[in-house]
Amino acid sequence: MRIENPVCYSDKPITGNKVGSWRFVEPYLSDKKPPCQNECPLGHSIREVFDLIQKDNQKEAFLTMADKNPFLSMTGSVCPHFCEGGCSRKEVDESLMISDTEANLGKMFIDESLDVFTKKQKFTSKTAVIGGGPSGLAAAFHLARRGISVDLFEREEKLGGMPWFGIPDYRLDKNLYFREIERVLKTFPNIQVFLNHEITQKDIESFQKKYDAVFIGAGKQQAVEFPDKKVIKGFEFLKKYHKGAVHFPQNGTYLVLGGGNTAMDIAGYLLRNGNQVRIIVRGNKLRAFEKEVSEVIEKGGLVFYKTEFEKWENKKVFLKSEGHVTSFEADGIFACFGQETENVFKNIGQNDKVYFIGDLESENATVVHAVASAKKIIETYLSKNFLFKKTEDRPLLQHDEINWDYWKKKKEPRKKDMNEEAERCMQCGTC
């Protein structure tokens with residue numbers, strides 16, 4: 001007799017346990033999805049990765065993660081670690097340092113070949129991928145490893161997308177990121193790259209005739225307009241800065257309008273250049289990731305909630321808050337109100353040949369979601385057009401299935417060493 005979810009532990013004395021009926025219960029191994037994996041957009045096998053690290057098999061741990069995402073140093077550095085939010089360990093002491101582990105594995109094995117990911121089952125198809133950012137690169141990887149020909153089109157002079165021209169240098173080691181990109185291209189010569197290629201409506205039409213499938217991962221690259229033309233668009237300024245076309249001002253007073261990640265990136269650069277920074281937010285909270293917000297505040301950034309920009313005249317800024325107007329002098333203003341889809345992609349309809357990936361497919365607007373979106377869409381395409389079977393999902397481990405009485409007696413702080421940190425993993429779901 002098999003009992004699902006039996007009560008298998010107790011702090012009661014043995015005299016209080018009615019164990020007689022247990023003679024007929026058959027013990028069995030139940031493999032369930034741990035909460036960390038469930039929260040990860042890519043569905044990384046985090047439990048298995050920490051198990052491999054515990055067994056001193058770091059290379060296999062790297063390959064386990066790289067199978068879904070070959071850009072581990074990049075995503076591990078900039079991901080807002082949704083997985084750590086789901087980690088059961090946080091209810092005992094602190095969540096595991098999953099993102100740091102991912103980034104460290106990426107750095108440790110930056111020279112490791114990806115030849116192992118070349119699939120024996122290969123498909124014949126010719127595809128186009130528009131956009132050389134995280135989603136486009138991930139799509140090219142998952143297509144090429146199965147033998148599919150990929151023509152990758154990028155508007156800029158180099159690949160990388162948002163992590164290259166949008167994410168600050170102090171948050172991401174871009175040399176490592178580019179080495180990860182180069183490794184993919186070296187491993188899969190069936191990826192042909194076309195740089196400095198501005199996509200037009202005519203391209204979209206001709207691509208549908210020339211290719212078996214077209215995957216559009218161009219992202220949302222058009223900054224939202226702001227009425228006052230003297231105000232600098234934060235997103236566009238970041239792009240120009242990372243291309244070396246502009247420099248951040250020094251030792252002045254600046255306003256940053258908006259509470260998202262771009263606003264925090266602009267504020268972070270301004271503060272690092274000795275400026276005083278006021279961040280103006282219409283609502284009562286910031287939308288940016290908690291880590292970025294805390295970094296900006298620690299460096300002296302001041303946040304003004306429920307405040308609206310009125311006007312900027314003769315270096316004097318007027319702000320309105322709760323019906324009252326205040327003013328002060330400022331050397332400049334950066335507007336960071338998000339990005340939108342470029343006009344050339346707005347009227348394109350998806351069909352059997354055209355697929356949106358990344359930010360055009362998902363509203364989550366994070367790098368890891370862009371990579372996950374590409375993987376999901378490519379697998380959908382393969383399952384529709386080839387004999388390709390998706391991995392079956394496992395039931396999610398429930399909170400009350402964990403022996404909390406056991407674990408709460410084992411409180412210990414996070415460990416900086418990856419091998420020691422792996423020992424803190426509760427191995428949720430292997431019951």
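**Exercise 1. With which side chain does the side chain of Lys174 make a polar contact, and where is Lys174 placed?**

*Solution.* The model used here is a predicted one. Begin with the contact itself: the side chain of Lys174 makes a polar contact with the side chain of Asp169, at 2.8 Å. Then place the residue in the chain, where Lys174 belongs to helix H9, which covers residues 174–187. Finally, list its surroundings: leaving aside residues up to four places away in sequence, Lys174 touches Pro163, Trp164, Ile167, Pro168, Asp169 and His242.

**Exercise 2. Decide whether Lys174 is buried or exposed.**

*Solution.* Take the relative accessible area of Lys174, which is 10%. Compare this value with the cut-off, since a residue counts as buried under 20%. Lys174 is therefore buried. For the chain as a whole, 50% of the 431 residues count as buried.

**Exercise 3. Work out which strands stand at the edges of the open sheet of five strands, and describe how the sheet is built.**

*Solution.* Write down the strand order, which is S3-S2-S1-S4-S15 with parallel pairing. The edges are held by strand S3 (191–194) and strand S15 (354–356); each has a single partner strand, so one side of each is left without a neighbour in the sheet. From one strand to the next, the twist averages 20 degrees. Now look at one pair in detail: strand S1 (residues 126–130) and strand S2 (residues 149–153) are joined in the parallel sense over five bridges, and Thr127 stands opposite Val150 in S2.

**Exercise 4. Classify the angle at which helices H3 and H6 pack, and describe the residues of their contact.**

*Solution.* Helix H3 (residues 58–66) and helix H6 (residues 98–108) pack at an angle of about 110 degrees, and their axes are 10 Å apart. Because angles of 65 to 115 degrees count as roughly perpendicular, H3 is roughly perpendicular to H6. On the side of H3 the contact is made by Gln58, Ala61, Phe62 and Met65, while H6 contributes Glu102, Leu105, Gly106 and Met108.

**Exercise 5. State how many helices and strands the chain has, and what its C-alpha trace spans.**

*Solution.* The chain has 17 helices and 15 strands. Along the principal axes, its C-alpha trace spans about 85 × 55 × 35 Å.

Technical notes:
Residues numbered from 1 in each chain as written. Predicted model: local features only at pLDDT ≥ 70, side-chain atom pairs only at ≥ 80, totals over all residues. Heavy atoms only, no water. Helix = DSSP H or I, 4+ residues; strand = E, 2+ residues; numbered from the N terminus. Buried < 20%, exposed > 50% of the residue type's maximum accessible area, 1.4 Å probe, protein only. Polar contact = N/O pair within 3.5 Å; in protein donor to acceptor, adjacent residues only side chain to side chain. Contact = heavy atoms within 4.5 Å. Pairing = 2+ DSSP bridges. Axes fitted to C-alpha atoms, helices over the stretch in contact; angles between N-to-C directions. Parallel < 35°, antiparallel > 145°, perpendicular 65-115°, else oblique.
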